[in-house]
Amino acid sequence: MECNAVYGSSRAGFSPHSLLCERLENPAAIGACAPRFSWKASHEGRGQAQSAYRIVVASAREKLSAGEYDMWDSGKRDSRQSLDVGYEGAGLGSMGDYAWKVKLWDLDGRESAWSEPASFGTGMLGADSWEANWISYPYPNRNALMFRRAFAARRPIRRAKLLVSGLGYYELYANGERIGDHLLDPAWTDYAKRVYYAGYDIAGALRAGPNAIGVMLGKGWFGTPFPGGEARPSQLILRLQMEYDDGEIEAIASGRDGGWLVSCNGPVRDSSIYAGEEYDARLEQPGWNLPDFAPGGDWARPIVVEAPGGALLAQPLEPIKAVEELKPVALDTPREGIFVADLGQNISGTVEISGLNGPRGKKIELRYAEILGEDGLINAENLRAPVRDTYIMGGSASETFRPRFTYHGFRYVQIEGLDSPPAPESITGRHIRSAVRHIGRFGCSNDMLNRLHRCVAWTEADNLHGLPTDCPQRDERLGWLNDMTVRAEEAMYNFDMDRLYAKWLDDISDTQGPLGAIADIAPASRLYGRRPADPVCSCFVLLPWLMYVHYGDRSAIEKHFSGLLAWNRYLELNSEGGIVDYTSYGDWASPLGESVTDSIGAGAVSATTPGKLMSTGYYCLNCALLGKMAALLGLDADAAELGAKARKSAEALNAKYFSRELGCYASGSQAAQAFPLYLDIASGQGHWHEQGQGQERGRGREQGRGHWHEQGQERGQEQGQGQGQERGQGVGIVPPQARPGVLRRLVEDVEARGVHLATGNQCTKYLVEVLTDCGHGDLALALAAQTSYPSWGFMLENGATTIWERWEDIRSGPLCEMASRNHPMNAAIGAWFYSRLAGIRPCEDAPGFERFRLSPCLPEGLDHAGASLDTVRGLILSSWRRTEAGVDMDVEIPFGAEAEIELRLKDIEPEKLSISESGGSVWDEGRPAGDGRADGAGAERGGAGGERTDGTSSVGSVGDGRCPAEDGRAKDERRPAGDGRTDSAESGCGCARSVQVEPGRTSMVFGSGKYHIAYRFR
């Protein structure tokens, strides 16, 4: 998984592409009766956007190709909407298959070609019944079950749709052919609340005449008992619907009758998520899933069993798959008969080993670990339980072992039981995770940061398994909410998390009790966590807002808003005088010197940052975010009430924890200073520096409701400042007069520790972001690139390829119970690479990157940095490089979007700055350049939109962002000067919609397109 290269340019021409239904690519079985359609588009011109669309849907791809749109033809609709356009056609049927496409019109009325066709299938819709039963084995057992059903197809088959859910995990076969590439399916849920099924088109695997369906079931989370819990037997539900060439429909469904058989005497003897898998090749039954198989006496009729209890729903997220394969970088023999393979990377997954040979009954064991001991053998002390996969030879000349129903977290695999060393090429590490798209790339001039970014991306990827887990290797692998409060944004910059997060929010909601309390873990675990969750579990509130801002998806807010309010009211119920009066984890797992010895989590509770300060601060953040959601939903009274509650709680927090005498919070710890400063920014107070510079501007830009180019920046600022407090969106924590002192205390503490952090899993993210936003990006860079303990670089210098749970290099002893080497909570810094160093930040009032900021930090010691992000609108690129004369930026803005490109440098002086875009002048001699200039050096430079100067800054509207040289028209078709466009490709200035320069800062607004911007300082 290469993470350092920046994506190349997006496609040329004008065409819609990347079609999605329910935010999924060609889903086989959705549960929505009125699905939502989304798409992206490419356009060769600048400043372009969609002005209209037309969607057509057909009941078969052949009909779509023939222009027979029998399900829906939207007609041409004047709209810029490209996300979640709802279906309005004829009623969809259960177990159907449909095809669709879209065409667009741009701002000039130019019509695109049709997109390539896309498809979607339906599962069981509405009140339609599966007419199938859950079935299982009639006697208790721990083995993987094998189900089969032979049947005859009377005629050639036109369509065949199969729906299946097998608990815990299933593998599906048709006529001996493995169907699909899903692994560890279905996704883990609270099975008493919801159970997922998947759909498959299997027409290509069936034939007229004899056929057979086979399903193998492993225990998975459903059947893995927790301590004190009881193992549940595996169970299956399945429905196959075939349509013959003459239109006749025939269905086959799971049940006791109709020829279904089940056996527990297959080769998978055990399949524990935690302990591993045991496979006995002597028990293989060749052909068990073929039509002509003759079942022996160990096959029985299944029994009908009770449903797990939850609603049976179409799986709404990407499945888990093997997304990558790795070969060993080393293979050693530390002891006779023991071989250790090093994959060179800590991964989640399994190992496939081929070319096995030996006598029948010979046992081969694969054991896994993240590190080695001094003797060269694996060191598995931090796994807290034995982990091994076992293979028993069947006696063939060459056999292959690949575990089916388990996964591990490991870099090293220790192989025991072989008589001779295996060939390196016979060993394959299979990286197994949710198959979400990897959408972000980052690279810079500092190799340590590039390595750190790569580690962050790997750590996140290794912990996506139908939910965001805390670790992939030990007896845990759970969805901890406290980690996700800070980790969520990092994941969204690296991966497409829309559907996985939507599913996980349902998991959290499933843990909510009648008083509103949620659990620490979702799905709830009988092994770890508790209800009520620690108040730091603000991800329940934060995630729906981030999904709205990043993905333009408000469905999670609409679905969960009442539950989010209930959780906040529960915190109020447990508050005293505005202080949330309980805490469990707080700023968890800071360096050992900052932690309470012998506290829970192997000494993970902070000794320097009060847990109730964290609890109360997060309550304030909840109120601010819920106020924004209430305003979005038109609930103005709720928004005002939430704003009042947040201000009251902020006053209580300051009264209890802020010392005016010392000018700091609590004991003066880094976390206690960084957290309140962060809350000011996160709740809507904007960016600010020690001198107060930029505070109002930041607020207006983040909260203003006006488009920059249509209403001007002044109006956006006024609206943002006015609306924030009234609607509950802006809540200040740190008193304005105290901010410089609190920031100074934070900076001094970092510097006094030799530029080292002293924070835990919550406030480490906030530390680097606050330093950057408050004018100390150089110090934030030094922290991120630090290589001595405690730091990320310390991990990398000690062999890390993923981020550790603790800052310490723990290899033995009592601390091993909290010594995961693959833990995303400290990977939360990954968001900083994109949002600060590359400066890519979405705007809340134009979600889904319809409008965004490119405001990179240029810290000393970094010569260049860049990132790309494949958003719901399309590709964003932000790359900057220092030159001898100034700074160069390369920018790409997706079709239909616009961006404010902001550069902050303390030595920017308007009179000594020139800006050019692709060779054309944008700013020179203290004023904006444009096609309104009277001559080469005249004073009239405002362009068609005019300009404003106030003595310290200058704002000019220099064009509409549409470059006629690149918008697809011939030169003689270009519009004349005076209509907001330039008439010369060389002038360049017409591509910027506005430009503003003041001491220390320059800002320009651009529409869609690719830009090369040169800043030159005299």
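Ala380 sits in the loop that runs between β29 (378–379) and β30 (388–392). The model is predicted. Ala380 has a relative accessible area of 27%.

Ala380 touches Tyr368 and Ala369, leaving aside residues up to four places away in sequence. Arg474 is 94 residues from Ala380 along the chain. The C-alpha atoms of Ala380 and Arg474 are 9.4 Å apart.

## Two packed helices

Two packed helices are described by the angle between their axes and the distance between the axes. Here the pair is α5 (residues 498–510) and α7 (residues 555–573). They pack at an angle of about 0°. Their axes lie 11 Å apart. The angle makes α5 roughly parallel to α7, because angles under 35 degrees count as such.

Which residues in α5 and α7 meet? From α5 come Leu505, Asp506 and Ser509. From α7 come Ala556, Lys559 and His560. By class, this contact of α5 with α7 holds two nonpolar, two polar and two charged residues.

## Cis peptide bonds

The loop between α5 and α6 (539–551) contains Pro523. The peptide bond from Ala522 to Pro523 is cis, with omega near -5°.

Pro532 is also in the loop between α5 and α6. The peptide bond from Arg531 to Pro532 is cis, with omega near 15°.

Arg23 is not a glycine, yet its phi is positive, near 65°. Arg23 lies in the loop between β1 (15–21) and β2 (36–42). Is Arg23 buried or exposed? Its relative accessibility is 6%, so Arg23 counts as buried.

Glu131 has a positive phi of about 50° and is not a glycine either. Its place is the loop between β8 (118–121) and β9 (135–136). The relative accessibility of Glu131 is 61%, so Glu131 counts as exposed.

## Confidence along the chain

The average pLDDT of the chain is 89. A score of at least 70 is reached by 87% of the residues.

Over residues 685–729 the pLDDT stays under 50. For this stretch the model has 126 contacts beyond four places in sequence. Over residues 931–990 the pLDDT is below 50. The model gives residues 931–990 136 contacts beyond near neighbours in sequence.

How values were computed: Residues numbered from 1 in each chain as written. Predicted model: local features only at pLDDT ≥ 70, side-chain atom pairs only at ≥ 80, totals over all residues. Heavy atoms only, no water. Helix = DSSP H or I, 4+ residues; strand = E, 2+ residues; numbered from the N terminus. Buried < 20%, exposed > 50% of the residue type's maximum accessible area, 1.4 Å probe, protein only. Contact = heavy atoms within 4.5 Å. Axes fitted to C-alpha atoms, helices over the stretch in contact; angles between N-to-C directions. Parallel < 35°, antiparallel > 145°, perpendicular 65-115°, else oblique. Nonpolar A, V, L, I, M, F, W, Y, C, P; charged D, E, K, R; others polar. pLDDT = per-residue confidence, 0-100.
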